[in-house]
Amino acid sequence: MSLPTLNGTARLIDNPELRFSPQGKAVVRVRLAFNARRKDDSGQWVDGDSFFIDGKAFDQHAERIAETLEKGMEVVVSGRLKTDQWTTREGEKRSGPSLLLDAIGPSLRFATAKVTKAGTGGGQQAYQQARQTSSREGMEDPWATSGAAAQAAGEQSAAWDTEPPF
């Protein structure tokens, strides 16, 4: 039996909480808020119902999340819904939903991010967000190289060299 999936855009309501099991296994908990926000007839933003859930990830994925994300960020999330069960200190049995995170990353709707490919070593600044800003200030223009500069560098120049490939 497979677990139901949840895909959507959420906001982190706390910084990721990274812990380690007694066996040394990394576990991260991220508190997520999904919100149905829309514009009303007058053009004002109206917040709809919110859904709050804890997301969990393990091992290197957990460490990468803790290194990259922080409170307040809008994130794109994909995961599997699960019901956690536990017993309180008073001996009461409890249960609640959680989300096993398959993928999570910053939303680029109102921000930019620089992504670095993960190394093969354990938890090494993987998918580290180098800069999270709302402007494109200071970013390099990948189309700034002219056809003449490419030809001087020994590359074959063509009409499409200076045009984006889309």
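This report walks through a helix, a ring pair and some salt bridges in a predicted model.

## Ground rules

Residues are numbered from 1 along each chain as its sequence is written, and side-chain values use heavy atoms, leaving out hydrogens and water. Since we have a predicted model here, local features need pLDDT of at least 70 and side-chain atom pairs count only at pLDDT 80 or more, while totals for chains, interfaces and linings use all residues.

## One side of helix α1

Let's start with helix α1, residues 59-68. Helices (H or I, at least four residues) and strands (E, at least two) are DSSP runs, numbered from the N terminus. The buried residues of α1 are A62, R64, I65 and T68. Here, buried means under 20% relative accessible area, exposed means over 50%, and partly exposed is in between (1.4 Å probe, protein chains only). Those four cover an arc of only 165 degrees around the axis, so they sit on the same side of α1. (The arc is that of the directions from the helix axis to the C-beta atoms.)

What covers them? The cover includes strands β2 (17-20), β3 (26-39), β4 (45-58) and β6 (93-106), where contact means heavy atoms within 4.5 Å.

D59 also lies in α1. Its phi is near 60 degrees, a positive value in a residue other than glycine. Most residues other than glycine have a negative phi. D59 is partly exposed, with a relative accessible area of 41%.

## A tilted pair of rings

The model has one aromatic pair. Rings of Phe, Tyr and Trp (its six-membered ring) pair if their centres lie within 6.5 Å; planes under 30 degrees apart are stacked, over 60 edge-to-face, and the rest tilted. F34 and F51 have ring centres 6.3 Å apart and planes at 40 degrees, so the pair is tilted. It links distant parts of the chain, with F34 in β3 and F51 in β4, 17 residues apart. F34 is buried at 11% relative accessibility, whereas F51 is partly exposed at 38%.

## Salt bridges

Side chains of opposite charge can pair when their charged atoms come close. A salt bridge is a side-chain nitrogen of Lys or Arg within 4 Å of a carboxyl oxygen of Asp or Glu, and the count comes to 10.

One of them joins K56 and D84, with the closest N and O atoms 2.6 Å apart. K56 lies in β4 and D84 in β5 (residues 74-87), so the pair ties together parts 28 residues apart in sequence. K56 is partly exposed at 25%, while D84 is buried at 13%.
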